Amino acid sequence: EIPITSSELKPRVRNFVFYLYLISNILISMDHGSIPASVNELRQLTSYDQSIGLFGSLVYFGSILGSLISFSLINTFDIKLLILISLLGNSVCLFTFVIIENIPFLFFNRILVGILQSFITIYMPVWCNQFGLQSNRNFMIALIQLVSPLGIFFGYFIASVSIHDQIYGGWKFAFLVQAVLILVLALFFAFVPKFYFSKYYHSVGDTKEEEKIIRKTEEEELNISHNEDLSYFEKMKVLLQYKVFVFSMLGMAVLVYIITGVQYWVTDYLDAILEIKSQKDRLFLFTVACFTAPVFGVLIGTAIKNFYCKQNMRKSLIFCTLLGLFACICSIPVPLTRDLFYFIIFMWLVMFFGGGIVPVLTSIIINSVPNEHSGSANSISNLLTNALGYLPAPYVYGILSDIKGDLGATGMTVTMWMSIPGMVFISFATYYSFQVDIYKNKTA
């Protein structure tokens, strides 16, 4: 395939493709809100909280499997075709999820959804990094992070309303709406010329100088080779030698563990521990804690990065460390209080600070490795973030609830206090970014 240059791309079409990616991230996130809103209804299928947790965790197990094959697929097949297969397959899975009430099948269904979603979630930041202009690249990545909680909110809202008002199928109605909307989105993708998805397009001349210095010094220190014929696991071994990349990725894994655990189980916690029995009240509180907080966090975090940190990786990491410290402090009282007001205040702050970290850390992860490794770096980051963050969060909470029999009190405590190792990981990433610079000065 012939490389694509900037002059061959129409800005309007490129922007349109970006909007399609944003909408796809909204739509594929909806079931992550529909299931938490339907926990009590799902108990009609299984009485074990760990099984209900699996409905959330198995999607991320599928994402792990998808991460293992996505790198090879990106380099082998047409990207537009992969996107269409991903969307159409996702829609079919959503339709069958509400039709077939068989637990083993539903578990398999959730795994398949994760595999299909993984390609889009992995390639979106890479596409922004390749096709976006330097001036708005961070903003594009921030928007991708921003719309994901919007999709979760839409799914939660539709499921809550359909359950409360007994709209067709109750909780199933939200899945049917999601399936139809994804089908419509696939039609829009089908009419876009395929070279707007090309992996052979690269913007030129805007690599950030400080990130070049950090990467170059680590390459010299570790004697890292850029052999494009490396296998997936060989590339993983190479990329895991970049310390800033590794600790940023671990920090992201902990962050998504907390956010996912809260979004999945907070409704049940409000019902069982804080005794908020009204579906409408729980919807309002979920919206406040799990939607407005991360959205405002992403917006303000991105604004501070753009105006203060700019393209400075060390400043960005220091900024993430400070937000992590604030989140850590606010997380400690969350599982200790039974007062709804204080619970929501501290929970909001945790989700706000966490939301502020996500777009900044995502940009650091992508740019802490050489450009030619950005695709595999995002794939590997997605793999390990799913394995260590998204996947265990719903299931660990559920199994702790079953073992302790405390209606989720222990699960919430573990989820909140995971912010402590998260802050430590981001602090190590910051530390090593300075160590690389010191090493360069000593060897210059």
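The structure holds 25 aromatic pairs, counting Phe, Tyr and Trp (six-membered) rings with centres within 6.5 Å. This is a predicted model, where local features need pLDDT of at least 70, side-chain atom pairs need 80 or more, and totals for chains, interfaces and linings use all residues. Residues are numbered from 1 along each chain as its sequence is written, and side-chain values use heavy atoms, without hydrogens and water.

Select F153 and F291. Their rings are stacked (planes under 30 degrees apart), at 4.7 Å centre to centre and 20 degrees between the planes. F153 sits in helix α7 (residues 137-164) and F291 in helix α12 (residues 279-309), 138 residues apart; helices are DSSP runs of H or I, at least four residues, numbered from the N terminus. Both are buried (under 20% relative accessible area, 1.4 Å probe, protein chains only).

Next, show F18, Y19, Y21, W127 and F189, which form one aromatic cluster.

Move to R110. Its charged end sits over the ring of F97, 5.6 Å from the centre (for Arg, CZ within 6 Å of the ring centre and within 35 degrees of the ring normal).

Now the largest cavity. Centre on T121, Q145, S148, V256 and Y390, the nearest to its centre among 42 lining residues. Helix α6 (residues 103-131) gives the largest share of that lining, seven residues.

Finish at the second largest cavity. Select L255, I258, A327, I357 and S419, nearest its centre among 15 lining residues. Here α11 gives the largest share, five residues. Cavities are sets of 1 Å grid points, over the protein atoms alone, where a 1.4 Å probe fits but cannot get out; lining residues have an atom within 4 Å of a point.

How values were computed: Phe/Tyr/Trp six-rings, centres within 6.5 Å; stacked < 30°, edge-to-face > 60°. Helix = DSSP H or I, 4+ residues; strand = E, 2+ residues; numbered from the N terminus. Buried < 20%, exposed > 50% of the residue type's maximum accessible area, 1.4 Å probe, protein only. 1 Å grid on protein atoms, 1.4 Å probe; cavity = no way out; pocket = protein on both sides within 12 Å on 5 of 7 lines; lining within 4 Å.
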